[in-house]
Amino acid sequence: MNRYKQREQAFALIFQSLFSDSTPEEIFETAIEEETQIGDYSKQLFFGVCENKEALDEIISNYSTGWKLNRISKVNISILRLAVYEINYIDDVPDSVAINEAVELAKKYSSQEDAGFINGILGAYMRSRS
């Protein structure tokens with residue numbers, strides 16, 4: 001299974017976790033029962049985002065000027081958490097790939113306007129790191 005598909009699986013798990021009182025482990029176990037295959041990279045991303053949620057949210061909050069986290073749609077916050085996690089914690093994924101994949105997920109699951117919003121936040125974050 002390619003990395004895009006695994007990112008998509010991780011996004012779905014992250015999104016689902018926003019609506020559940022279950023632990024990440026319980027969400028993952030349920031997904032395994034329902035899916036034919038969950039990739040190792042999906043698992044790494046999902047648990048990584050869950051474990052680092054506060055740090056990821058702080059970064060997103062700092063670069064989403066004029067937007068409080070609770071006003072950002074659950075789809076978009078899930079995509080942003082995933083992308084910021086990849087940028088900060090996954091060394092073998094170029095930052096530009098993480099951003100591009102986040103934009104593609106937004107186009108698929110949100111809207112073109114939201115894809116631009118996500119690209120803007122991630123772009124501002126990357127410029128600050130240079």
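**Note on buried charges and helix packing**

1. Glu101 and Arg7 are both buried. The model is a predicted one. The side chains of Glu101 and Arg7 form a salt bridge, with N to O at 3.7 Å. This pair connects distant parts of the chain, since Glu101 is in helix H6 and Arg7 in helix H1, 94 residues apart.

2. Arg7 also meets Glu86 in a salt bridge, at 2.8 Å from N to O. Here helix H5, which holds Glu86, is linked to helix H1, which holds Arg7; the two residues are 79 apart. Glu86 counts as buried because its relative accessibility is 1%, under the 20% cut-off. Arg7 has a relative accessible area of 4%.

3. A further salt bridge joins the side chains of Asp57 and Arg81, at 2.7 Å from N to O. Asp57 lies in helix H4 and Arg81 in helix H5, so this pair ties together parts 24 residues apart in sequence. Both are buried: Asp57 at 12% relative accessibility and Arg81 at 7%.

4. Gln9, in helix H1 (residues 3-17), is buried at 8% relative accessibility. Its side chain reaches the backbone oxygen of Gln37 at 2.8 Å. Among the residues that Gln9 touches are Met1, Glu35, Ile38 and Ser42.

5. Helix H7 covers residues 112-129; its 18 residues should span 26 Å, and its end C-alpha atoms are 26 Å apart, which agrees. Its buried residues include Ala115, Ile118, Leu122 and Tyr125. The buried residues of H7 pack against helices H4 (53-63), H5 (74-89) and H6 (95-109).

Definitions and conventions. Residues numbered from 1 in each chain as written. Predicted model: local features only at pLDDT ≥ 70, side-chain atom pairs only at ≥ 80, totals over all residues. Heavy atoms only, no water. Helix = DSSP H or I, 4+ residues; strand = E, 2+ residues; numbered from the N terminus. Expected span 1.5 Å × (residues − 1). Buried < 20%, exposed > 50% of the residue type's maximum accessible area, 1.4 Å probe, protein only. Contact = heavy atoms within 4.5 Å. Polar contact = N/O pair within 3.5 Å; in protein donor to acceptor, adjacent residues only side chain to side chain. Salt bridge = Lys/Arg side-chain N within 4 Å of Asp/Glu carboxyl O. Lists of a residue's contacts leave out its neighbours within four places in sequence.
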